[in-house]
Each structure stands twice: as structure tokens, then as C-alpha cells.
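Trainee: Could you take me through one part of this model up close? I'd like the hairpin and the sheet around it, in one go.

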Amino acid sequence: MSLIRTIVASVVVTFCLMVMTIPTYGNENQWEQIETIGEGVKPISKQQDIEVFSAPSVIKVNVTRTLKIEIFTILGKLISSQELEAGNYEFRMNSHGVYIVKTAESTSKVAI
């Protein structure tokens with residue numbers, strides 16, 4: 001019985017440590033308008049009203065009309081929900097990973 005308790009305690013501690021290392025995202029992360037998308041970016045997707053690009057630690061978009069854009073972690077945690085007017089924008093990420101960029105019309109997977 002004590003072996004089972006030891007195993008359960010070990011699993012609980014491991015899970016708690018994993019949860020504590022998940023990056024947090026606060027209100028400090030917002031889309032910032034930029035002049036141009038720039039060079040050295042990787043094109044991810046191009047839909048009718050949005051182009052999505054990635055660069056080290058940054059997600060960049062070019063929107064042609066006002067759109068609500070949401071960013072989620074791969075686990076489904078909402079990082080940002082913001083309405084952007086037409087233009088070029090970038091969003092700085094706190095950590096590397098795979099993220100979902102979603103609008104009403106499109107969904108893109110972005111690896112940073």
C-alpha cells in the first residue's frame with residue numbers, strides 16, 4: 001500500500017511541476033502596429049483578409065480589413081483576443097511553442 005502512495009505522490013508532484021512551468025500571458029502582450037512585415041519571416045497562411053507570418057519569438061499578420069484575432073496555446077488557453085484595423089501587426093511571444101491564430105474566417109497553426 002505504501003508503494004502505491006509513493007507512486008501517487010510522485011505523479012502529483014510531477015504534474016504540479018509541469019503546471020508551474022507553463023508560461024503565463026498577461027495584458028502586457030498585445031498586437032503592436034508596424035510599418036512593414038519585414039524580411040526574414042516565414043509565411044504561414046494567406047486567406048482573403050489576413051496573412052500570417054512567423055519570426056523568432058514573434059507572430060506577424062497583415063490584415064486588409066478590421067478583424068478580431070485570437071491567439072491560443074496548443075492546449076487551448078486564450079492568450080490574446082483583440083480587434084485589429086487594416087494594417088501590419090506583430091505579437092511578441094513569451095516562449096517558444098505552437099500557437100493557434102484564429103479569426104472568424106480562418107485558423108492557422110504557428111510554430112515559434
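Mentor: Let's start with terms: strands (E, at least two residues) are DSSP runs numbered from the N terminus, and two of them pair if DSSP finds at least two bridges between them. Keep in mind that this is a predicted model, where local features need pLDDT of at least 70, side-chain atom pairs count only at pLDDT 80 or more, and totals for chains, interfaces and linings use all residues. Residues are numbered from 1 along each chain as its sequence is written, and side-chain values use heavy atoms, with hydrogens and water left out.

Now the hairpin. Strand β5, residues 67-73, runs antiparallel to β6, and six bridges join the two. Leu67 sits opposite Leu84 of β6, while Ile71 has Ser80 in β6 as its bridge partner. Four residues lie between the strands, and Gly76 in the turn has a positive phi of about 95 degrees.

Leu75 also belongs to that loop between β5 and β6. With a relative accessible area of 73%, Leu75 is exposed (that means over 50%, using a 1.4 Å probe and protein chains only).

Technical notes: Buried < 20%, exposed > 50% of the residue type's maximum accessible area, 1.4 Å probe, protein only.
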